[in-house]
Each structure stands twice: as C-alpha cells, then as structure tokens.
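Please look through the sequence and the model shown here.

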Amino acid sequence: MRLGEVLGLSWGGVDLHQSCIQVSQQLSTYGEITHPKSKAGIRAIFIDATTAAHLEKWERLQAIELLKLGIKQNDSTPVCCSDKGGWFNVQNYQGGGGHGGRKGASTV
C-alpha cells in the first residue's frame, strides 16, 4: 500500500472476517480524503492471519483510547489516527525528495 492509502484507510475498509482490506481512498498531501489516482488503485488486498490479528487487537485498543477522548469508533474512523482521533498530517511522514511517499511500499 502507498503511504496515502495507509493513512487514508478507515475501519470501514477493513474486513477482518474475510482478512481483506479494501483500498478505495487515500489521504492527500493536503489532508483531504480522495479517490486513488487510477482505477487500478481501487483494489482488495488480502492479509495473512497474523496481520489480521494485529489489526483486530489495534481496533480494540484504539476504540478504548478514543472513548477516553469522547470519540466513538466507527467505520469512518481512521485506522491510523492522530492523538485527537482525526487524520494524520501526511507531510509529517514523507521522506525527502517530495515523492509523496512513493519511494517505497508501506507495510500494514
């Protein structure tokens, strides 16, 4: 997954029962949720049991932490959220070169 896809992933795109992540949006460098640049960017990624277990554990832990902030986790909640429960600033995660995180792949 590309950096913007990882940071733009919400829980509605994660199906832990089917061990699948639906990539249908990304977080732009301007902090906006947008569609992938091409039709090929909209895809399903199947994950192994270990990754699914880690995501399931994270979903539970995140829900507890968000409730402390008065936020109820739902399908639109970012999987990778800021300490305030919102979207991260993508520019904080881009390495040098200004390639928008396209130099390498991210691992979920």
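How many bridges join strand β2 to β5? Four bridges join them, with β2 covering residues 20–23 and the two strands running antiparallel. Strands here are DSSP runs of E with at least two residues, helices are runs of H or I with at least four, and both are numbered from the N terminus. Two strands count as paired if DSSP finds at least two bridges between them. The model is predicted, so local features need pLDDT of at least 70 and side-chain atom pairs count only at pLDDT 80 or more, while totals for chains, interfaces and linings use all residues. Residues are numbered from 1 along each chain as its sequence is written, and side-chain values use heavy atoms, with hydrogens and water left out.

Helix α2 spans residues 49–68 and includes Ile64. Ile64 counts as partly exposed because its relative accessibility is 48% (buried is under 20% relative accessible area, exposed over 50%, partly exposed in between, with a 1.4 Å probe and protein chains only). Together with Trp58 and Leu61, Ile64 forms a nonpolar surface patch with about 280 Å² of accessible area. Such patches consist of residues with over 30% relative accessible area and no salt bridge, where nonpolar side chains (Val, Leu, Ile, Met, Phe, Trp, Tyr) are joined within 5 Å and like charges within 9 Å. A salt bridge is a side-chain nitrogen of Lys or Arg within 4 Å of a carboxyl oxygen of Asp or Glu. Accessible areas come from the Shrake-Rupley method with a 1.4 Å probe, and for residues only the protein chains shown count as cover.

Gln73 belongs to the segment after α2. Leaving aside residues up to four places away in sequence, Gln73 touches Trp11, Glu59, Gln62, Ala63 and Leu66 (contact means heavy atoms within 4.5 Å). The Gln73 side chain makes a polar contact with the side chain of Gln62 at 2.5 Å, and reaches the backbone oxygen of Glu59 at 3.2 Å. A polar contact is a pair of N or O atoms within 3.5 Å; within protein, one must be able to donate a hydrogen and the other to accept it, and residues adjacent in sequence count only if both atoms are side-chain atoms.

Along the sequence, the chain reads α-β-β-β-β-β-α. Of its 108 residues, 32% are buried.
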